[in-house]
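The stops below are given in the order in which to select them.

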Amino acid sequence: MNTSSCIVISTVKPCCRILIGYTSSSLFGISPQKFNNRVIHNNLSKSLPKSSHHRRFHCHSVNNRSRIIGNKSVVHSNSRAFNVSDSSWDQSKVLTPSFHVNRGRGRGVLVIPKVSSDFRNHSTSVESHINEKGFENIYIQGGLNVKPLVIKKIETGNNVVEEEDKSSRIEINGTSVNIDYLKGLNETAPKVEREVSDIEKEAWKLLQGAVVNYCGNPVGTVAANDPADKQPLNYDQVFIRDFVPSALAFLLNGEVEIVKNFLLYTLQLQSWEKTVDCYSPGQGLMPASFKVRTAPLDGSDGAFEEVLDPDFGESAIGRVAPVDSGLWWIILLRAYGRITGDYALQERIDVQTGIRLILNLCLSDGFDMFPTLLVTDGSCMIDRRMGIHGHPLEIQALFYAALRCAREMLIVNDGTKNLVAAVNSRLSALSFHIREYYWVDMKKINEIYRYKTEEYSTDAVNKFNIYPDQIPSWLVDWIPEEGGYLIGNLQPAHMDFRFFTLGNLWAIISSLGTVKQNEGILNLIESKWDDLVAHMPLKICYPALEHEEWRIITGSDPKNTPWSYHNGGSWPTLLWQFTLACIKMGRPELAQRAVSLAEKRLSLDQWPEYYDTRSGRFIGKQSRLFQTWTIAGFLASKKLLENPDKASLLFWDEDYDLLETCVCALSKTSRKKCSRFASRSQKQA
């Protein structure tokens, strides 16, 4: 094969395609010039009009060849090239970096000369963890004058992992496993193989039954799989946020193929840019969900092909685009590498570009003065009108976690150094902002109670002009003497004092909060167990909106009635995140208490989506049964408690370097620096 550049993905199986839309001028956001003039131009594409807003990728096998239908480009021998017909290009282009295919196993290694993460440097696994069917790695050779590296040792902080002795390895299902690695785990408490309960066996069977296949490969799990449900709506689709607990359960159980396929297929869907009333969202948006559909095969009488059809919010209730999908995708990508040891996936060109597109979308400049991410109501897990527009805690915590993930995974070079600097700057500002202004405890509430208003100066104490009368009466009696939490939202003249569980748990997991704050959140949950857990973990928010407040804020939403659904309902899927937070803070017994509580009811109640009433005693009035992320959240929690060493791969410790520099940089003016040192002083607490 010649040395011209080509991006090639192996054909998965015949008769498959992915529908993708675009408005950008280049594939993966990379202009043709960036391939060092190794772009091969083919004939003008006549099949798609230049005004077209969509491109289609087909996997259609004909006579041992794969071709892209509609663009007249052919790639021989079971491979297909990404082919783009774009109105801003004069010709249809096939991007073809040089590649090499191992015919025997159909696998490959991406060779990248430089990586950004100190904890891994290079993949400790070269595609050996996966029986790969749906995708092949991208190979780069010729263009990069780099020899494959033989890793003698890997530095991970203060630890050094020496080259593995082959004599200490065993074969499991065709995969070589280093048994010496297992010897060092849980030395203080020797691991005893426990018997899997009947409830867990049932849960695994249900989770496997929810798997969705595309072209013969597993690509995700449906949101719910209730055979008695005659109106599934979009619950028969694969949601990015819903699949995360399923992915973790699979990864912790050694089943990694479905997770890799999911990450790569959703990446292909990223460039879709559907419109709502002729308006296109920014490039880099990830879909909320996708569905595998069948469509008639062009030019074939009676034949059908599988099609991936994504939803970017244009079909959702309220027509709101998902802000959190891209954040969850980055978090899952990092978790995949950490658990499997296979970092080659992160280093692929298309994956690196996908990360950059998401970051560019989230870090774009606007009118907002805050480091928090500005979002609309209904654009996250709470996907209905609940008064969380602006800067809700849930998105800020996921945003912070995704930024930390991206900083680990981004390859630092001339093209990404500015982006990495922007990520570091945003992390620093965001951590300070949340810790300083979102945290409330008895001391902080007393401070707010005595606030002066209408303060104008850079020295103002009440920076957001919060009125003391906003402190709700329920909070005065509810807040414990020990402990506190991060409020749900902060905007000018408004503090949403509700406790939102997901945001607070992710503040612990990602170390968005200080160590003292993280401990305070768990102290509050334990102290207010009857309010936040009661008969079923865990309340999505507390308290519920009631009476006139419910009518005004929710618009009299019949699904979000008080103590139901997102308005104070109990969601078992939050269990795995609670477990992860408890393990991080050294309190696994608190998580075990919640898991045991859920285990008594979930199977008997047929794995509901959510529970109603103040104490979570009733199955939700519109709750779907056999909800997949309820099942997966329970299984992931059990696996995390059984393998706390694996849990440690998924959370973050405090990064003190983020607190070294105040991004405000106000020292050159007459203004004072923000109180960064007040936040730093808490790190030792």
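**Setting up**

This is a predicted model, in which local features need pLDDT of at least 70 and side-chain atom pairs count only at pLDDT 80 or more, while totals for chains, interfaces and linings use all residues. Residues are numbered from 1 along each chain as its sequence is written, and side-chain values use heavy atoms, with hydrogens and water left out.

**Whole chain**

Show the protein chain as a cartoon: 20 helices and 24 strands are present. Helices (H or I, at least four residues) and strands (E, at least two) are DSSP runs, numbered from the N terminus. Of the 685 residues, 57% count as buried. Buried means under 20% relative accessible area, exposed over 50%, and partly exposed in between, with a 1.4 Å probe and protein chains only. Among contacts (heavy atoms within 4.5 Å) between residues at least 6 apart in sequence, 73% join residues at least 24 apart.

**Strands E14 and E15**

Select residues 217-221, strand E15, together with E14; 4 bridges join the two strands, which run antiparallel. Two strands pair if DSSP finds at least two bridges between them. The two form a hairpin with 2 residues between them, and Cys-215 in the turn has a positive phi of about 55°. Across the pairing, Val-212 stands opposite Gly-220 in E15.

**Aromatic pairs**

Now display the rings of Phe, Tyr and Trp. The structure holds 21 aromatic pairs. Rings (for Trp, the six-membered one) pair if their centres lie within 6.5 Å; planes under 30 degrees apart count as stacked, over 60 as edge-to-face and the rest as tilted.

Tyr-214 belongs to strand E14 (residues 211-214) and Tyr-265 to helix H4 (residues 257-269), so the pair ties together parts that are 51 residues apart in sequence. Tyr-214 has a relative accessible area of 0%, and Tyr-265 has one of 2%.

Next select Tyr-437 and Phe-464, another edge-to-face pair, with 5.1 Å centre to centre and 80° between the planes. Tyr-437 lies in helix H9 (residues 417-437) and Phe-464 in the loop between helix H10 (442-449) and helix H11 (473-478), so parts 27 residues apart in sequence are tied together. Both Tyr-437 and Phe-464 are buried.

For a group of rings, select Trp-474, Trp-478, Tyr-485, Phe-499, Tyr-542 and Trp-563, which form one aromatic cluster.

**Charges over rings**

Select Lys-559 with Tyr-565: the lysine lies over the face of the ring, at 4.2 Å from the ring centre. A charge sits over a ring if NZ of Lys or CZ of Arg is within 6 Å of the ring centre and within 35 degrees of the ring normal. The charged end of Arg-624 sits over the ring of Tyr-235, 4.4 Å from its centre.

**The sheet E19 to E22**

Colour these strands next: they make an open sheet of 4 strands in the order E19-E20-E21-E22, with antiparallel pairing. Strand E19 (439-440) and strand E22 (541-542) are the edge strands, each pairing on one side only. Between strand E21 (residues 494-500) and E22 there are 2 bridges, and Phe-500 stands opposite Cys-541 in E22.

**Helix H7**

How many residues of H7 are buried? The count is 11 of its 14 residues, among them Ile-349, Asp-350 and Cys-362. What covers the buried residues includes H4, helix H5 (324-340), helix H6 (344-347), helix H8 (393-409) and H9.

**Ser-379**

End in the loop between H7 and H8, at Ser-379. Ser-379 is buried, with a relative accessible area of 1%. Its side chain reaches the backbone oxygen of Thr-376 at 2.8 Å. Leaving aside neighbours within four places in sequence, Ser-379 is in contact with Arg-241, Val-320, Ala-321, Pro-322, Val-323 and Asp-324.

How values were computed
Polar contact = N/O pair within 3.5 Å; in protein donor to acceptor, adjacent residues only side chain to side chain.
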